[in-house]
Amino acid sequence: MHAPEFDSVPIPARIQTIQQLTADTALFRLKLEEKLPSVFIPGQFIQLSVPAGGEIPISPADLPAEDGTMELCVRRFGHVTSLLHRTKEGDQVGIRGPFGNGFPVDAMSGKDVLLLAGGLGIAPLRSLLFHLLRHRSDVRSLTLMYGAREPAVMLFKNELLDLANTGSLRLLLTVDFLTETCQTEPACNVGLLPTLLKGVQLEPGHSCAAVCGPPPLYRCTIDELLRAGVVEDNIYLSLERRMKCGVGLCCHCAVGQYFCCCDGPVFRYRDIKDIPGAL
Amino acid sequence: MVRHFLPDNSLGQFLDGLSLFGALHGPVRTTEGVEVFGPVRTESDLLLNYRRTLIPPKKYLLPPRQTILNYTVAAGYTLPDEPEPHIILFGVHPCDLQGIAYLDRVFLGDRPDRLYRRRREAITLVGLSCEPDEFCFCTSDENIPRNADLFLQHVEHGFLVSAVTSKGEEMLDGLGKLLASSRITPQTSAEHRMMTRIREVARSGKTFPDSPLWERFAARCLSCGACSVCCPTCYCFDVLENGALDGTTADRFREWDNCLFRAHGEVAGGTNFRPDRRERFHYRYLHKYLGFGTLAGVPACVGCGRCRVVCPVDIDLTELFTEDGDACS
């Protein structure tokens, strides 16, 4: 499988719908005018072009559908994301990719699968979640632990609660702190994401974890995962780096001697644990 | 390889002959007194005994800023179609030829870079031997670098000319009348001790994590990035888009970036994976001496000495490899 060249022409795409999820985060549903050049694997990323703004790496929040649509969950933060948030339905953007390796979904087969999402990290894991739900009988159990800063910024909450109600997913939610106006939120733990792992015991070798969240999340989650019995080989971390080209050329995203853009962005904990600055 | 003798007084005609194959560029002095690679108008422009240019010849293959895509509302994103003029780059020293050989491995490897390849194919390299000074340590363990099309070696009263590639042979075909056969055997030189040491370090993957030199470097580094700008093998680039104010047209371009700059490791949201200079030096060290990705284990330093010359605060990463540095590791 070959990712497209870094200077390839983006596939034109139209913004079909924009769903505002929180004050600064929206779900953009795009309709691609051409097929992606290779099959998308959850955890891979695409490069989104916003005309006259530039290009940014985004990990899709769902599985690209047969009809050529794809969802991107984007927080307004920098130049390009601000321009994206100013677009309207029907506007044109561009897509290149997919890039990177994605989560090793085959290796999750038969295991107790734990997805750990912090904040916007729910977006790439939602894509993995959809994949695993589609192949639910392949895995032994499926648990999503999702932490947000506060109830108001918890993304996809109703959708996740609906999925949990079908019985195919065990869902554990937590917020860092409760704000005064949100005291009546439904059952939800208060505390950082790793607190959800307290007391959890999994079968070593038969469990795996996929983690995606803000950079500090990884450091505080690994110890709890190891303690819970997930072995180093089975902890998959989706790392964030500044990926400009996507093909290991521009040299911004090296993790040790690996490139996050093409050797990652998903790494096994065992492979990067000794690399200074990796986590 | 056959070597021909080119007498000094035939060099002008030789250059005229070369310029039939493309625009002649070589080491010249600007009006500001800087030694650079630039267009050569007459033989007298050429600096035949220059030490090193400020910027290496990588600028011909990876321009400081290069358009990669154009955008208009009507056409969307499109590839620019600018023909590359053919250039004869004369007077490239062995270290810079090694630098180009390294860039070729990066940009013409298993994922050839379209823009690089177009420029690379449009350039003919004419190498020239040099006299090392106290700043450089040439990698050339063979006298004639294999990626030069032609190579000239300084000898008494002229040059020994060798055609290294078929392109070089083709150029020499028309210049035979200027050349005499030669029995002179040029001197060969042993590899510089420093380069041997660098190769050893690259093979062993040493990172010198405990060396106090990192702190000493970081304490005085100005983050000016000059070491990287002038390095023949530094190729980090940023991808940026310059949109018109009304958003209806744009150019996307790649531009030289610099691992010594603070923004190099920064991601959206403000997290910086290399927030301090020590970490940025480590990153530079890893890339330059140990290599990333498919070039892991291949040192990128060609010993040209530019970074040692230009650093305003005398930082020299090769101090890590001297006995003192080793003792610290």
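Visitor: How many salt bridges does the rule find across the interface of chain A and chain B?

Guide: Happy to start there, with the reminder that this is a predicted model. One example joins the side chains of Arg242(A) and Asp257(B), at 3.8 Å from N to O. That pair qualifies because a salt bridge needs the nitrogen within 4 Å of a carboxyl oxygen. Across the whole interface of chain A and chain B, the rule finds four salt bridges.

Visitor: Which elements give two or more residues to the side of chain A that touches chain B?

Guide: Good one! The residues on that side of chain A divide into 18 nonpolar, eight polar and seven charged. The elements giving two or more of them are strand E3 (45–50) and strand E4 (54–58) of chain A.

Visitor: What area is buried between chain A and chain B?

Guide: Let's build up to it through the contacts. On the chain A side, 33 residues are in contact with 45 residues of chain B. Carbon and sulfur atoms give 57% of the buried area, whose total is about 3200 Å².

Visitor: Within chain B, how are helices H6 and H9 oriented, roughly parallel or roughly perpendicular?

Guide: The axes of H6(B) (residues 193–204) and H9(B) (residues 277–290) come within 9 Å and cross at roughly 105°. Angles of 65 to 115 degrees count as roughly perpendicular. Therefore H6(B) is, relative to H9(B), roughly perpendicular.

Visitor: Which residues of H9(B) meet H6(B)?

Guide: By class, this contact has six nonpolar residues, with no polar and no charged ones. H6(B) brings Ile198(B), Val201(B) and Ala202(B), and these meet Tyr285(B), Tyr289(B) and Leu290(B).

Conventions:
Residues numbered from 1 in each chain as written. Chains lettered and ligands numbered in written order. Predicted model: local features only at pLDDT ≥ 70, side-chain atom pairs only at ≥ 80, totals over all residues. Heavy atoms only, no water. Axes fitted to C-alpha atoms, helices over the stretch in contact; angles between N-to-C directions. Helix = DSSP H or I, 4+ residues; strand = E, 2+ residues; numbered from the N terminus. Parallel < 35°, antiparallel > 145°, perpendicular 65-115°, else oblique. Contact = heavy atoms within 4.5 Å. Nonpolar A, V, L, I, M, F, W, Y, C, P; charged D, E, K, R; others polar. Buried area = accessible area lost by both parts, 1.4 Å probe.
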